[in-house]
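Take a look at the protein below.

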Amino acid sequence: MDVLVSVVIPVYNVERYVADCLDSVIAQTLTDIEIICINDCSTDGSRSVVESYLGKDVRISLYDNEVNRGLATTRNRGLELAQGKYVYFLDSDDMIEATALQELYTAAERDSLDAAVFAARFIYEDESMRPKFGTNPAAYKGDYPDVIKGQELYKKWMKLWDWMPSQPRYFYRREFLIDNRIRYIDGMLHEDETFAFDVLMNAERIRVLKEEYFIRRFRASSIMSSVPTMRNVDGCITILSHVDGFKTDDDELKKAIEFYKYKIFSDVTRKYKAVRDSGQSVELTAEAVGDAVCENVGDDAGVRSKEDWLEKIAAAADKKYEMFACSSYYQVLVTLMIAMTKGLRVDIVLEKHGLETAEVLAERLMECLPDVVGYAYVMPDSPLVDPYIQRETAADENLSALLVHHVDRVIRQKKFFYDKINVFWDLGYFGTYLNIKGIKYRLHEDSLNSYQHIRENRPNYAYIFNEEELKAHKGVVPFGYSEFAEEVEVNEAEGIQVELGEKLVVNPRAELMKALTDEDKKHIFDVFLPKDFKAERVSLLILTDPLAVTGRLPDEETQIRLYRDIIEKYGQTSNVVSGTDSDGTEKAASGDGAAIGTGVFIKAHPRDSVDYKSVFPEATVIEKTIPMEVMNFDKNFHADKAITVSSSAIYGLEQVDEKIYLGSEILDNYRRD
């Protein structure tokens, strides 16, 4: 008979499960198959179970490894033995649905596929294992209706983190694997990762199917559920080295690969910590990882590469790893100051609704601070979530589903990984998600001393000051009143308008800034400011607020009138000088890069909608993307006066002679008109 599909089944110590596996393959509706079983020196009765099937079905063959080779090498042997047009690798403790091979073969023939990928359903050896492995993805989050090139699929998977390397979820045209010399790396653990990567980098035609053909069994004694060893660490390092060696001119693919490397790096850091904390040796030696793995490293350059990766992993493992969700440039600045002064490694979630250049900022964070920022995620906007209308969200099923879609790919499995999760705003995407899911977090004051002005600046939340209304409130309760907010970190405790009790933690941001080294400041400066930026001396600096956007003023025209009045009242020019001439007399500022002392500078709030460049052409507008506090890092910047309605950022400025905080009561005059 013509063999249409070769099913390769490595067998090792699965006496309890291998019969179920074989029964599921024998029952396939596609009958023109061969079943290649390779016993990898099992020490239990696995071989005898397989041997008992030889007389029942002539399609089954049994081979033996002379010594234990591991899953990767055994699968390679199975590929060499295979005769089918297509090949499928099945683990001997798992199963497949009866129609799987028939439908996969039909799809592959119809669409001339190099590979097909499909969904799974899970079963558990013991229900107590469900919480541990329940977060493993069984289905794909994205929609993939068409045949697609492997590299394009990889890019889409990385954007959604839909990466599924598990080999029993792949169905291959055997000639495709042979022609592209795709093999498992002998001796390594986590061999699925490099194999699946090579498949996607080479496949011209691949399709993702929604059907749950694969039945995955989670069991206590499997590799996936056992305590990590240095072999696990070495396997992840091999993945990093393997992927790092792939060259491409496709910028989007490069970004996808960098994201994948970050994910592997984060995972191997966790594994390394587990190995170290369990008392095992963390030396990357032949004795620790096995001769076959070390032989695979190759020449001295390869050995050095592995040592370099291990050094980076060890350094990252020595730091606490925390996540911060930010919705303003100032919050990103505070995150960096906390991370640098406390020796943290952080992932940063950038909530795009408050960060209009989030994509650029994410790249700058990872480029300028690779030892501090593991990865910067960009959380997209959504029409269903408006943090400024402050929709009560916790009971909104549509919103809950949306948040899961947007946030799960970031936080899934990570709540067990980070030492702490931090947010600056309870009712942003991330804060709401954490409350819906019941995940503990540390809340940070969203701007400098904002808790001292909640009553006037946040009238929507008057209920938090009324005990009866607070008890009756449904939905997420902000400002640290949520039961899931374990701590609330503020700049100073004096004058705050909320009662936080033991949750309250004081961490002065001026002290954080003072603790930064000159090198720290330079790196932060590089994150936010363009290289050609030149600091100046100004007579009046206005820090705006998004008054129209938040409804505190009726429209932009009223907001513009307010700031025009402020400029007329406070924008008197001053005789500012810039150094001295050679004879010691003062000279006025002029020329390229010289200080300017007679202008009005406007620092627009990141969420302010007014185009100040067109409204006030005589003024200099500082980009929204620059937290004003970063200007403290350049001594050439100075302001005679700084003024704001209610931006607490004014208190964080150091090089200002006079600070004027008008307060929200000034808005009454404009609301009445």
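## About the model

This is a predicted model: local features need pLDDT of at least 70, side-chain atom pairs count only at pLDDT 80 or more, and totals for chains, interfaces and linings use all residues. Residues are numbered from 1 along each chain as its sequence is written, and side-chain values use heavy atoms, without hydrogens and water.

## Two nonpolar cores

A nonpolar core is a set of buried Ala, Val, Leu, Ile, Met, Phe, Trp, Tyr and Cys residues joined through side-chain atoms within 4.5 Å. Buried means under 20% relative accessible area (1.4 Å probe, protein chains only). The largest core has 95 residues. Among those with the most contacts inside it are Trp157, Leu200 and Tyr451. Helix 10 (residues 251-277) gives the largest share of this core, 11 residues. Helices here are DSSP runs of H or I, at least four residues; strands are E runs, at least two.

## Lining of a cavity

Which strand and helix each supply at least two residues of the lining of the second largest cavity? They are strand 9 (321-326) and helix 17 (429-437). The lining divides into six nonpolar, three polar and one charged residue. Here Ala, Val, Leu, Ile, Met, Phe, Trp, Tyr, Cys and Pro count as nonpolar, Asp, Glu, Lys and Arg as charged, and the others, Gly among them, as polar.

## Asn491

Asn491 sits in the loop between strand 14 (485-490) and strand 15 (504-506). Asn491 is buried, at 8% relative accessible area.

How values were computed:
Buried < 20%, exposed > 50% of the residue type's maximum accessible area, 1.4 Å probe, protein only.
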